[in-house]
Amino acid sequence: MLHSTPLAAALPYERIELPLASTSAPLHCRSSDVDLPRLHTASPAPISTLPAELLIEIFAVSSVIDPLSPLVLRAVSRRWRQTVDHSPQIWRHISLDDESRSIHLQNSQAAQWAHLSSPLQFDVEVNAANMDNVLPLISPLLPFIDRWRSFTLTGQREEEVNMSEMDLNPSTFQHLNVSICDWDTEYLEEDEVKNTFVSSYPPFAHMMNVWVSKLPSYEVMAPLRFTTVHITEGIFGAISAHPRTVLDFLRACPDLQCFYFHGWPHDEDLSTEDLPIVELPHLHTLQLKSTCNVRAYLSSLHTPLLQNLHLAHLNVDFKLQGVYNEPGDSEDEAGDPSQSPSSDQATGMGLRKLIHRSHPPLKVLEMDFSDMRTKDFRYIFDRLTDLEEFRIVASDMSDKVIRLLKPNVSEDGAIQLRLPHLRIFRLYNCQSLSGNAIVSALTARLAQTDNEADGNTLSEVAIVNCDRFSSRHESQLQRVLGSRLRYD
């Protein structure tokens, strides 16, 4: 019941006496004025005798004027309590304000109003002096997005939406975009269109946009049921999202299936940070782009169903801060040169941690201007037994890495094959690889896999803009790959 919630505790309306209309004689009529005719005025009907239908109409109007009035009205009498609690139209106006009461208290209020207004549509009015509070305030109402009749936002940003025209429903409202902005340098242009609710792809789907200076924690939000979340840091890296805030936010997304993080390469020492492990049991697609914190993110996620991993623009030519001494942090015995040794180590160590914890059935691994040490490639190739597609762009990977794709004959004569299900292999702008090593490794692999009955062999190979892969090497691979080879 409503009276047992924290909201009622904060607003303890026990009994409120409403002034009734006076029935006493006017002041100018005194008992001594016996010669004046007695005034006969019709006594107003006691409000207690009004029919329930009229009370409901009055209470509904009152709830628009004062959104908390239903709490006052239901405290007047038993009859009024029953009338208010069983009249959904009285609870259709939900007003939230980040400067009036705590967000936790207003979360309870929003959930109660949404429940008591069912099955009717309701209006949502939010006044947010701080844009960081918009998502926490409305989070309890998002599961009922199909019942929103209107949405009005005031405060730091203003917006008014007729939600009934958008035809939103929970099954197609699954995408959340979060833009992290520095309000000191990035102000909202008056002519810039910023809509909270917009149509998206595929047709008839919708997404939600929010703008914050700091990601809200799961502790101030109801669980978010979005299956896709896209977080983008502000323009030119003016503001950064600390990995802890990103991880805390993800803890509010238990249904997450796709997560995209696009940042800027802010460098900070995280080696002493005790970051939480975030369980994302349904995540199948993860993309991390332009961040120096890839190690922190990959090391802190548990993703047992991850199938697609996209790493982009993670290479940096400076040494990242922090001192790590975890297994695998030792020097790479291969001694291969790299233009981004520090970020190579961070990416490789983060991916090692993710694989060790989650054992994900990874099928697609794309590395775009993202690299690893030779020892990390070996560690990963030995464990990604489900990988079907590997694409790498602008890598310093050496001939030692490409040779890992050759069949390996053990001491007992058994043939072992790394990445046994690899079908698509693409190399773009990999200038350290020699054409001879590429031809030798792939030819040996195809000699083994093309003759196997299970069909787990290369179906497409792309060698694009690799300077040390010449037309001669192309001809050699063409003989074994045929139309499966792409060369530009």
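Trp-148, Phe-151, Phe-173, Phe-197 and Phe-226 form one aromatic cluster in this structure, which is a predicted model. Leaving out residues up to four places away in sequence, Trp-148 touches Gln-121, Phe-122, Val-124, Ile-138, Leu-141, Leu-142, Met-163, Ser-164 and Phe-197.

The strands come next. Twelve of them make an open sheet with mixed pairing, in the order β6-β7-β5-β8-β9-β11-β13-β14-β15-β18-β19-β20. The edges are taken by β6 (197-200) and β20; each has a single partner strand, so one side of each is left without a neighbour in the sheet. From one strand to the next the twist averages 10°. In general, strands of a sheet pair through backbone hydrogen bonds, in either a parallel or an antiparallel sense.

Several pairings can be followed in detail. Strand β5 (residues 173-180) pairs with strand β7 (residues 205-212) in the parallel sense, over seven bridges. In this pairing His-175 stands opposite Met-207 in β7. Strand β5 is also joined to strand β8 (residues 228-232) by five bridges, and these two strands run parallel. Here Leu-176 stands opposite Val-229 in β8. Further along the order, β9 (residues 258-262) and β11 (residues 285-289) run parallel and are joined by five bridges. Tyr-260 stands opposite Gln-287 in β11.

Helix α13 (residues 471-481) packs on the sheet and touches β19 (460-464) and β20; the direction of the helix makes about 160° with that of β20. Strand β20 covers residues 485-487 and contains Tyr-487. Leaving aside neighbours within four places in sequence, Tyr-487 is in contact with Ile-463, Phe-469, Ser-470, Ser-471 and Glu-474. Tyr-487 and Asn-465 are 22 residues apart in sequence, and their C-alpha atoms are 8.3 Å apart in space.

Eleven of the 14 residues of α5 are buried, so the helix is largely enclosed by the rest of the structure. Among the buried residues are Ile-103, Leu-105, Trp-113 and Leu-116.

Trp-113 leads back to the aromatic rings. The count of aromatic pairs comes to eleven. One of them joins Trp-91 and Trp-113: the ring centres are 4.8 Å apart and the planes stand at 80°, so the pair is edge-to-face. This pair links distant parts of the chain, with Trp-91 in the loop between α4 (78-85) and β1 (93-97) and Trp-113 in helix α5, 22 residues apart. Both Trp-91 and Trp-113 are buried. The rings of Phe-381 and Phe-390 have centres 5.7 Å apart and planes at 80°, so this pair is edge-to-face too. Phe-381 and Phe-390 are both buried.

Some backbone details remain. Ser-118 and Pro-119 are joined by a cis peptide bond, with omega about 10°. Pro-119 is found in the loop between α5 and β2 (122-128).

Where does His-313 lie? His-313 has its place in the loop between β13 (308-312) and α9 (341-358). Although not a glycine, His-313 has a positive phi of about 55°. His-313 is partly exposed, with a relative accessible area of 38%.

Leu-419 likewise has a positive phi, of about 50°, and is not a glycine. Leu-419 lies in the loop between β17 (415-416) and β18 (424-428). Leu-419 is buried, with a relative accessible area of 0%.

Terms used. Residues numbered from 1 in each chain as written. Predicted model: local features only at pLDDT ≥ 70, side-chain atom pairs only at ≥ 80, totals over all residues. Heavy atoms only, no water. Helix = DSSP H or I, 4+ residues; strand = E, 2+ residues; numbered from the N terminus. Contact = heavy atoms within 4.5 Å. Pairing = 2+ DSSP bridges. Axes fitted to C-alpha atoms, helices over the stretch in contact; angles between N-to-C directions. Buried < 20%, exposed > 50% of the residue type's maximum accessible area, 1.4 Å probe, protein only. Phe/Tyr/Trp six-rings, centres within 6.5 Å; stacked < 30°, edge-to-face > 60°.
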